[in-house]
Structures are given as C-alpha cells and as structure tokens.
Amino acid sequence: MAKANTTRNWLSGIAAAALSLAAMAAQAQTALDATRIGSAPVVKQVKTFRDLRFRDMMPQHYDFSCGSAALATLLNNGYGMNVSETDLIKKMLVGADPKEVVRNGFSMLDMKRYVESIGMRAHGFRVKPDALYQLQMPVIALMEIRGYRHFVLVKGASAGRVFIADPALGHRVVFENDFVKGWNGVILAVVGSKPIDPDSFLMRDRGSLALKRRMDALDRATTPPPVLEFGLMRTDLL
C-alpha cells in the first residue's frame, strides 16, 4: 500500500510540474517576468520565431489578401505610413468586383489604382531575373504556387538566391531557379515623394547570413598565414 501511495504521489508531482510548465510557456509568448535582479524588478520582452519571421511585415489574414498585405507592408515599413490591412482592402475594393477579388485576390492594377489615389506612383515592369540583383528598393512580384497566385515583396537577390517578404510565410530565402519557375517576370515598383526608409528591415535584410558565414570561412581558409619576423606579424603582399 505504501508503494502505491508513493507512486500516486510521484505521478501527481509530474502532472503538477507539467501544468506549471504549460502555464509558463503560454505566458512566455509575450514577456518573461524575471521578477527581481537585486532590488530592481525586471521584465524581459520575448520575441517568438513568428515575430522574427514577420519583422517589419504585415501578415495576410485572408486567403485573398496577399496583395493588400504586401502593399501594406511596403507602405507601412518602407514609407512610414500607417495603413491597416482591413482599411486597404476596403479602399482597394472600390471599383473592383468583390466576388472576383475573393476568388482570385487583388491584381497589380488594383494596387496601382490605390497607390495613385493617395498621391504616389506605381510602375509595372517586365524584367529578367538578372534585374533582381540590381534592385535598389523592394518591389511586388506575383508568383504561382501550386496553382494559386500569390503576391510577395522581393527585397533583392544574391548568389543564386532571392530574398522575399512573404505575407503568408514571412521573410524567407528562395533559390533563384525555384523563384523563376513560379514568377511571371513582372514587378510592381511603388514610388513615393520620399525615399524608402533605409533602416527598414525590408532594405537591410537583403542577404543570406548563412551564405555570408560560408564566404567568411572560405576567406579564412584561403588567406596566407602570417609570418613572424623581427618580432612583427606580417603577411607577404609583394
């Protein structure tokens, strides 16, 4: 009997610990209360992986709203405007067929009309993949993924990779060959009266950290070792 009671107490302890951990995990999604360090209370904000994926981005909330979310991301985080996805959808629906929008999403023409209605300019270009390597600003591109049309922001390209801000999946890196397969070759550039904020994550996150680390490792592996002479470290340059 004593052994049975011990087992029950052990299981009860495990269950209580599991509930405590679950409660802590639920709270940790927003902030971590570190209670006190010394005599000062400390609260540490915690970012989830989803927060990091969608940094400086407007995620889409509807199946048909990838275009409006991509445009809202560009306006908000590129040009410093304050546009919600809902407001943008309402305004872009003016002059459009709501049933068609729900079925196929917005078009680049819908975006162009809205942008021009607020005093900005939008220009569509048909370009080759090489042009993605020369981008000076993020542009909107239309991809076809498994039969579905999907708008993304293209931030730039480097070393066979395209860096995009995807309203459905967040910031991600796509191999150029995979990107080109689903891309129709058209981009939409939105131009305002002022340049895009250079400190925006849309402008700064235009490279692959993993690729940079590999290149740094390659540079270190191929750099001639320094030579010790006369008490000085040097590398032969001549």
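## Contacts along the chain

Among contacts (heavy atoms within 4.5 Å) in the chain with a separation of 6 or more, 59% link residues 24 or more positions apart. Buried residues (under 20% relative accessible area with a 1.4 Å probe, protein chains only) make up 33% of the 238 residues.

A quick word on where this comes from: the model is predicted, so local features need pLDDT of at least 70 and side-chain atom pairs count only at pLDDT 80 or more, while totals for chains, interfaces and linings use all residues. Residues are numbered from 1 along each chain as its sequence is written, and side-chain values use heavy atoms, leaving out hydrogens and water.

## The sheet

The chain has nine helices and 10 strands. Six of the strands form an open sheet, in the order β3-β8-β4-β5-β6-β7, with antiparallel pairing; two strands pair if DSSP finds at least two bridges between them. At the edges sit β3 (121-126) and β7 (170-175), each pairing on one side only.

Now zoom in on β4 (residues 139-145) and β8 (residues 183-191), an antiparallel pair with three bridges. Here you'll find Met143 opposite Trp183 in β8.

## Helices on the sheet

Helix α3 (residues 66-79) packs on the sheet and touches β4, β5 (148-158) and β8, with its direction at about 35° to that of β5. Angles like this run from 0 to 180 degrees between N-to-C directions, and axes are lines fitted to C-alpha atoms, for helices over the stretch in contact. Helix α6 (residues 108-117) lies across β3, β4, β5 and β8, and runs at about 5° to β8.

## A closer look at α3

How many of the 14 residues of α3 are buried? The count is 13, so the helix is mostly covered. Its length checks out too: at 1.5 Å a residue (times one less than the number of residues), α3 should span 20 Å, and its end C-alpha atoms are 19 Å apart, which agrees. Just after α3, Gly80 takes a positive phi of about 70°.

α3 also packs against helix α4 (residues 85-92), at an angle of about 115° and with the axes 9 Å apart. Where they meet, Ser68, Ala69, Leu71 and Ala72 come from α3, while Glu85, Leu88, Ile89 and Met92 come from α4.

Conventions
Helices (H or I, at least four residues) and strands (E, at least two) are DSSP runs, numbered from the N terminus. Buried means under 20% relative accessible area, exposed over 50%, partly exposed in between (1.4 Å probe, protein chains only).
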